[in-house]
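Have the structure open in your viewer as you read.

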Amino acid sequence: MIQNFGRKKTSSIFKSLPVILILFIFLLVVVLSGNKMILAGQQKSKPEIRQKPSTVSGSAVNAPVIPENLLTVAEKSNYTATSRYHEVLAFISELQKISHNLVVQDIGTTAEGRRVPMLIISDPPIHTPQAARNLKKTVVYIQANIHAGEVEGKEASLMLAREVLLTPSHPYLSNLVLLVVPNLNADGNERISPENRRQQPGPEQGVGTRQNALNLDLNRDAIKLESPEMKAVVQNVLNRWDPAIIVDCHTTNGAYHQETITYSWPLNPNSDPELLAYQRDRLLPAIVRILKEKYRTLAVPYGMFRDWRDPSKGWITFEPQPRYFTNYTGLRNRISILDENYVHADYRVRVESCFHFLKAILDYASSRYEEIQKMIEEADRRTIQAGLNPSGRTFAVEYDLQPLLQPITINAYELEVIERPGGGFPQLKPTDRLKPVTVPYFASYVPKRTVAYPFAYLITVPDPEVREKLLTHGLLVEYLSDEVSLEVEVFSPKELKAAERPFQGHRLNQIKGEYRKEIRKFAAGSLVVRTSQPLGYLAAYLLEPESDDGLVVWNYFDRYIAGQWQRGLSELPVYRLLQPVKLPAVSLSK
Ligand SMILES: [Zn+2]
């Protein structure tokens, strides 16, 4: 029987009887033969755990009974629908009736004018970030529906909020403050249609769109911040609340395997290396263990086979640029977890797996909050130190992707390949034959080309958009109060190539050029951005001339580099100050 595992419908028990009987006899033979294949039989039983997952109330320790009015749209519809905007708001209102520990604030408004509510769950209830700091609690931010076709996180985060609020003195709230934005891309969510994401089994009534109403992908917007939604997240969640842990919920598009959760840590090699290693080697493996042992849900790092015809070539992750939200928050020295629910599992399994993953994260976070807090504070300190003493430090502008030291095991399926007449990408169907593979995991981006890490950047054009962008990211921006002469590195572009096809409304630049040291006079009013700040790596990413995801790439300096009536290219009005020096500078931010 060749059938997509996730698409299997629960057929009547009578129809399944012969299959069950054959399976039973097969297992019996295997057991009696004493063959090692029993292992495969045991693994085979695992999908059943996920196929018919325990009910929500049954899966949690001491989970409360859920009253009718507190069922999510997914639950009420028997997993044929996902909640619309007004249903999310109505659900939140119901939650407000049951607990004082919920405060709701809007983080902003979508392009179409919908307010985006954030649930602030704390015991005692709080209204401000300062109150969270006074309580000395660790702030965790859970974000869902950034891609409104990937609705599992929206449903699961509402279930999570309900469980925490229904449970008196929930243990999570002893040490954590939870921030939940269940429906970030609220405009995309209102475009629900069964035509969206047709590759996934359910919900029958459809899901929203990936893009927001401005046709922007919010998960490519973390650097340029052109969507009101991402701007709201950065300004009103990250800058204000400074969560220690950030979780962004998605659903995969690719490979077939047993695991219903895939995940990633931040990937950019310009992030703090110790914090990155902590997430990859300690925090996430521990969370995955909890997920398996306590919630009986399997997880594997996010990826796809480099060559599906030959899995031994390895499993490969996604791109490292901080335009992706979790890479971005990693660059900000915070714990960042990408949740990618497994597309081929049925809708209910996807929602419940995501719910379990969120709980496993919070189980870990609430018991190890001191360790987490210490890790991010140390990363901030190291970042400031790197900016104060940049000598010998580098910033990577090109990367190589290499496998991690340890291979990973993916509980994959044998595929049936159906070639298409006339060539083209063949149709792939998973069989029900398990084929676990242990392969290299290409998830380590290492610097291929670096530049010296500077002490500060100086910007000589009074560009309100650039200034605004830097401030929106929460950077400390200063201006020179007096004219000053400084030895800086000047970047002269030699080649500026804009992409032929626009991407997110931009023709992304590739720039090549030369650096030369010069003594320059900088007028009073020139902007200064030091790297000796907690967001120092982000500052460099935005302003470094050859950064692969900086403001040059996103066209913010085009008009200065390629001026009117000019054949060649002009120097970039961003200058690299390499040596620490005392500057007559005043903060722009109040
Ligand atoms: Zn996504």
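Strand β9 (residues 315-316) and strand β14 (residues 441-452) run parallel and are joined by two bridges. One of the residues involved is Trp315, whose bridge partner in β14 is Tyr441. Please keep in mind that this is a predicted model.

Where do β9 and β14 sit in their sheet? The order is β8-β9-β14-β11, an open sheet of four strands with mixed pairing. Because β8 (304-305) and β11 (394-403) each have a single partner strand, they stand at the edges, and one side of each is left without a neighbour in the sheet. As a reminder, strands of a sheet pair through backbone hydrogen bonds, either parallel or antiparallel.

Stepping back to the chain as a whole, there are 17 helices and 21 strands. The chain has 590 residues, and 47% of them count as buried. Taking the contacts between residues at least 6 apart in sequence, 78% join residues that are at least 24 apart.

**A helix with two faces**

Helix α15 (residues 464-472) has Val466, Lys469 and Leu470 among its buried residues. These residues lie on the same side of α15, because they cover an arc of only 95 degrees around the axis. An α-helix has 3.6 residues a turn, so residues three or four places apart point the same way. Which residues are found on the face of α15 turned away from its buried side? That face carries Pro464, Glu465 and Glu468, which are exposed. The cover over the buried residues of α15 includes β15 (456-459), β19 (527-530) and α16. Just after α15 comes Gly474, with a positive phi of about 90 degrees.

**A buried tryptophan in a loop**

The loop between α16 (536-543) and α17 (558-561) holds Trp554. Is Trp554 buried or exposed? Trp554 counts as buried because it has 23 C-beta neighbours inside 10 Å, and the cut-off for burial is 20 or more. If neighbours within four places in sequence are left aside, Trp554 is in contact with Ile223, Lys224 and His506. Gln510 is 44 residues from Trp554 along the chain, and their C-alpha atoms are separated by 9.7 Å.

Asn555 is found in the loop between α16 and α17 as well. Asn555 has 16 other C-beta atoms within 10 Å, so it is partly exposed.

**Backbone angles worth a look**

The table gathers some omega and phi values for you to check in the viewer.

| Site | Feature | Angle |
|---|---|---|
| Asp123 to Pro124 | cis peptide bond | omega near 5 degrees |
| Gly202 and Pro203 | cis peptide bond | omega about 0 degrees |
| Gln504 | positive phi, not a glycine | phi about 55 degrees |
| Asn555 | positive phi, not a glycine | phi near 75 degrees |

Where are the two prolines of the table? Pro124 has its place in the loop between β2 (115-121) and α6 (129-134), while Pro203 lies in the loop between α9 (186-189) and α10 (228-241).

Gln504 is in a loop too, between β17 (484-498) and β18 (509-522). With 17 C-beta neighbours inside 10 Å, Gln504 counts as partly exposed; the reason is that this count falls between the cut-offs of 12 or fewer for exposed and 20 or more for buried.

Terms used: Residues numbered from 1 in each chain as written. Predicted model: local features only at pLDDT ≥ 70, side-chain atom pairs only at ≥ 80, totals over all residues. Pairing = 2+ DSSP bridges. Contact = placed C-beta atoms within 7 Å. Arc of directions from axis to C-beta.
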